[in-house]
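Trainee: Could we go through this one together? I'd like to take it piece by piece.

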Amino acid sequence: MTLLHAAILAPFGYAVLVPFLYKWFRKIHTGWFVLPLPMLLFTFLITHLYRVISGETMVESVPWVPSLDLHFTVYLDGLSMLFSLLITGIGSLVVLYSIFYLSKDKESIHHFYVYLLMFMGAMLGVVLSDHLIVLYGFWELTSISSFLLIAFWHRRGKSRYGAQKSMLITVFGGFSMLAGIVLLYLMTGSFSVREFIGSTDLIHGHDLFVPALVLVLLGAFTKSAQFPFYIWLPDAMEAPTPVSAYLHSATMVKAGIYLVARLTPVFGGAAEWFWLVSGIGLLTLFWGSLNAVKQTDLKAILAFSTVSQLGLIMSLFGLGSAALAPDAGISPNVYAVAAAAGIFHLINHATFKGALFMVAGIVDHETGTRDIRKLGGLAALMPISFTFAVIGAFSMAGLPPFNGFLSKEMFFTGVLRASGMDFFRMETWGALFPAIAWVASVFTFIYSMLFVFRTFGGKLQPEKLDKRPHEAPLGMLIPPAVLAALVIVIGLFPNVASYALIEPALAAVLPSLGDHYHVHISFWHGWSTELFMTIGVVVMGALMYWLLRHWKGLYGRWPKRLALNAVYDSGLRFLDRFSARLTNRYMTGSLRHYLIYIFVFFIGVTGYTFVRFGAWEGIGNGNAPITAYEAVLMAAMLIASLVTPFVRDRITLIIVVGAVGYMVVLFFVLFRAPDLALTQMIVETVSVALFLLCYYHLPKLKKEEGKIRHRFTNVLISAGVGAVVTMVALSANGSRWFPSISDYYVEESYVSAGGKNIVNVILVDFRGFDTMLEITVLGIAALGIYGMIKLRLNQPKQNGGDRHEG
Amino acid sequence: MKANDVILRTAVKVIVFIVLLFSVYLFLAGHNAPGGGFIGGLMTSSALVLLALTFDLKTLLKAVPFNYRWIIGAGLLIAVLTGAGSFLFGAPFLSHAFGHFELPILGDAELATATLFDLGVYLAVVGVTMTIILTIGEDQ
């Protein structure tokens, strides 16, 4: 356990305290108590920054389940440092912002901060874990906390819809990723990313390489909202704005990008990786920017713009992976600029998009709407927010002197160099890359301008607003101010960021570059192609923005049925209906039917195994002689069992079945198993009591009027079960393939566990874990019964709900 | 309907305490003699069920006013915490320890962390059994 482990676990621990803080200090907004934690973590990480810059990496491992090769290994290098700083830094700002955004009296903020802290811890876990199974656990935890945060206003149908959608899509991706991780394990025998990097040759040459790659990328693409999985992100905007700014723009959606970056040294260099990552990335970039323009909700614009920008970053990492290609020739470092641009844009996107989301939140908070058709003319009323919006949006559009300009230039450099590649079949398709990039940038420019000028420019329409707009309180302005300041500072002094953050992170993404590679970012490269492309973007974008009214109608031409959301909805509906039909076919509500399924399956599987492995041989070996007592008990049991089917009265039935149970007790006594005898006896007694309690609810026992054929089948099944169980028992007793473990228990029970009662020692010590899970299952069952009975809806029973059966 | 069950009522008042005491004995003896949390828990519940059958559920709830759902939770929590406790000593989850101690009055006695875990099992079993029986029984 080190400080780094503590840093991951601290938010979880702190989350436990939040409800108490909320309860005890109702007068103080709970956010004020939460705020110090991310700030503290941020400071803690900053103190380690110089070590990371100097190329050092920190690895700390705590064994978790050593027998399963499961270790909680924390790995801090440039890449995880960058992400951790984002998580804690933006986290601090978002918490501060939320204090003013969410009212302490009207909202259940104690839930909010619990979820938020849970997310923060999980996200830190994702970026700091080296062991992929641990990473996967944290990964899914981010999905769950995102689900909870999207559904924060769970009384709104749209919130629930969005939450469910995000959950279904990201968890689907998570599962694929898990499968990919397992494939990687099959190839290398390890779960550690660092060990993968050591055995890339083995992985690249393996048959499972492509399946593993595709599965892992599915995880990354769903999480990072890439085409066609992006559809969950716009619906996730139902979450409170601080959440959108934090999870759905700055951190969680970048987990997929983190994964891609982290695994670039493992998969990078392969044509499949290059094409999938950069291709899907570019497609997402284009599609997202295209769709952003038609949105009318401020947050929807930002959502699609986030989708598009995530695609941009994704494609840059794909292009950058070419530096690892075996065909890259003598100067692979030429392509590394794309990866550097990806990292740079990741930072920039977090700053400007965070600021823009916060501005959107301010507008929503102060005017009561986010619809750009109702907004306008706010620049005079909210000058400070307007300034931040301009800084953020111009940076997003790629205008100087902001940081977005620099990374956009580097992006163009990256695609231009990629188009000049002579491997990966880029000779044929290479020219497409700069073209798509340029078109997408034009649309990016348009929606950036829409965001600013439709909200703040034009004429004020006070009659359409619920409130009289005015500037936001200071606390809501500080966080976007910090981010906007960063936009400018990074824009003016990019090489500070390059030295402190980009180069260490790049060393983790492309370790083959070595120490001598430096990322130097400058404003002026001369009259380069990139600059002309930017000028083209501005001119074309301005022109199209001017003429927007005339061509916006084209969006309506796209058939609604082909929209991805419609596909998702109808898929979900189909799944619902299909599974309902399938389930209704066998869930008839008749206990008899269920027992038939279970028993037939049992006879089939056990009987097959029995025959398949020739278990006949064991029967008859090593049986003890049958004594008179046993014979008598056996006879009594037989009689009781044979009587059962013919009994017409419930009380008699209970007594007869109870008799069989008590007979078993006597057997245990004969075989000197007092623990079992006691347990069996009490279980029998308590279940008889339970039966008597239920008696009230049970109708008169009806004889089932079935066909003769049915009854014959039933007899066959019950005889079959009896026969199979008997044979298995005899065979198990007769054939011993290996020494029984009971000898071990007998020897060790007193020596190493200090108990003379072996049964109990097995229960609580040797197999304590089983017991723990068993009582957990029992607890769940009890609560299930409680819920079912107490919360039963007072609705008329629908088809098949015949619970009075059997 | 008024049942004529004076003998049952009178006997049960005594028997319940004997059964309860026996269940505690079973629980404590579990490590070295027949017994343990599971049986002890079931025995306790059977005493309570006996009360419920003889008098009725309302009387039982008045005499033993516990929320059994909380007891399930308490049991599970104790079991998990005992398991997690071994982390404090740098041992894997659910490692147990035992030792012999000289206690006042009782003299030499064996104390084991397994008993703590067993207490969790005991409480969980009582909670589960009683929750199920009470919920079904109360449902009219």
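Trainee: What classes of residue make up the contact of α4(A) with α5(A)?

Mentor: The residues of that contact between α4(A) and α5(A) divide into seven nonpolar and three polar, with no charged ones.

Trainee: And at what angle do the axes of helix α4 and helix α5 of chain A cross?

Mentor: The axes of α4 (residues 78-101) and α5 (residues 109-128) of chain A cross at roughly 170 degrees and come within 9 Å. Angles over 145 degrees count as roughly antiparallel, and α4(A) and α5(A) are therefore roughly antiparallel to each other.

Trainee: Let me pick one residue, A:Ser80. Is it buried or exposed?

Mentor: A:Ser80, which has its place in helix α4 of chain A, counts as buried because it has 27 C-beta neighbours inside 10 Å; the cut-off for a buried residue is 20 or more.

Trainee: Which residues does A:Ser80 touch, not counting those up to four places away in sequence?

Mentor: With those sequence neighbours set aside, A:Ser80 touches A:Tyr75, A:Val127 and A:Leu128.

Trainee: How far is A:Ser80 from A:Val34?

Mentor: Their C-alpha atoms are separated by 23 Å, and A:Ser80 and A:Val34 are 46 residues apart along the chain.

Trainee: Back to α4(A): how does it pack with helix α22 of chain A?

Mentor: Helix α22 (residues 494-509) of chain A and α4(A) pack with their axes 6 Å apart, at an angle of about 130 degrees. That angle makes α4(A) oblique to α22(A). From α4(A) the contact takes A:Gly78, A:Leu79, A:Met81 and A:Leu82, and from α22(A) it takes A:Leu501, A:Pro504, A:Ala505, A:Ala507, A:Ala508 and A:Val509. By class, this contact of α4(A) with α22(A) has nine nonpolar residues, one polar residue and no charged residues.

Trainee: Now the domains. Which ones does the assignment give for chain A?

Mentor: The domain assignment of chain A gives domain 1 (1-213 + 228-250), domain 2 (268-546) and domain 3 (649-702). The centres of domain 1 and domain 2 of chain A, taken over C-alpha atoms, are separated by 23 Å, and the contact between them takes 33 residues from domain 1 and 37 residues from domain 2.

Trainee: Which elements give two or more residues to the side of domain 1 that touches domain 2?

Mentor: On that side of domain 1 of chain A, they are α3 (36-53), α4, α10 (209-223), α11 (232-235) and α12 (241-250). The largest share, 13 residues, comes from α4(A). By class, the side of domain 1 of chain A that touches domain 2 has 25 nonpolar, seven polar and one charged residues.

Trainee: How many residues of each chain take part where chain A touches chain B?

Mentor: That contact takes 35 residues from chain A and 41 residues from chain B. On the chain A side, α29 (674-694), α32 (758-766) and α33 (768-790) each supply at least two residues, and the largest share, 14 residues, comes from α33(A). By class, this side of chain A has 21 nonpolar, 10 polar and four charged residues.

Trainee: What is the make-up of chain A as a whole, in helices and strands?

Mentor: There are 33 helices and two strands in chain A, and 44% of its 806 residues count as buried. Its C-alpha atoms fill a box of roughly 105 × 65 × 55 Å along the principal axes.

Trainee: And chain B, how many helices and strands?

Mentor: Chain B comes to five helices and two strands, in the pattern α-α-α-α-β-β-α along the sequence. Its C-alpha trace spans about 60 × 35 × 20 Å along the principal axes, and buried residues make up 41% of its 140 residues.

Trainee: Last topic, confidence. Where in chain A does pLDDT stay under 50?

Mentor: It stays under 50 over residues 796-806 of chain A, for which the model has 13 contacts beyond four places in sequence. Where pLDDT is low, the predicted coordinates should not be read in detail. Chain A averages a pLDDT of 87, with 96% of the residues scoring at least 70.

How values were computed
Residues numbered from 1 in each chain as written. Chains lettered and ligands numbered in written order. Predicted model: local features only at pLDDT ≥ 70, side-chain atom pairs only at ≥ 80, totals over all residues. Contact = placed C-beta atoms within 7 Å. Helix = DSSP H or I, 4+ residues; strand = E, 2+ residues; numbered from the N terminus. Nonpolar A, V, L, I, M, F, W, Y, C, P; charged D, E, K, R; others polar. Axes fitted to C-alpha atoms, helices over the stretch in contact; angles between N-to-C directions. Parallel < 35°, antiparallel > 145°, perpendicular 65-115°, else oblique. pLDDT = per-residue confidence, 0-100. Buried ≥ 20, exposed ≤ 12 C-beta atoms within 10 Å, placed from the backbone. Domains from an automatic or database assignment.
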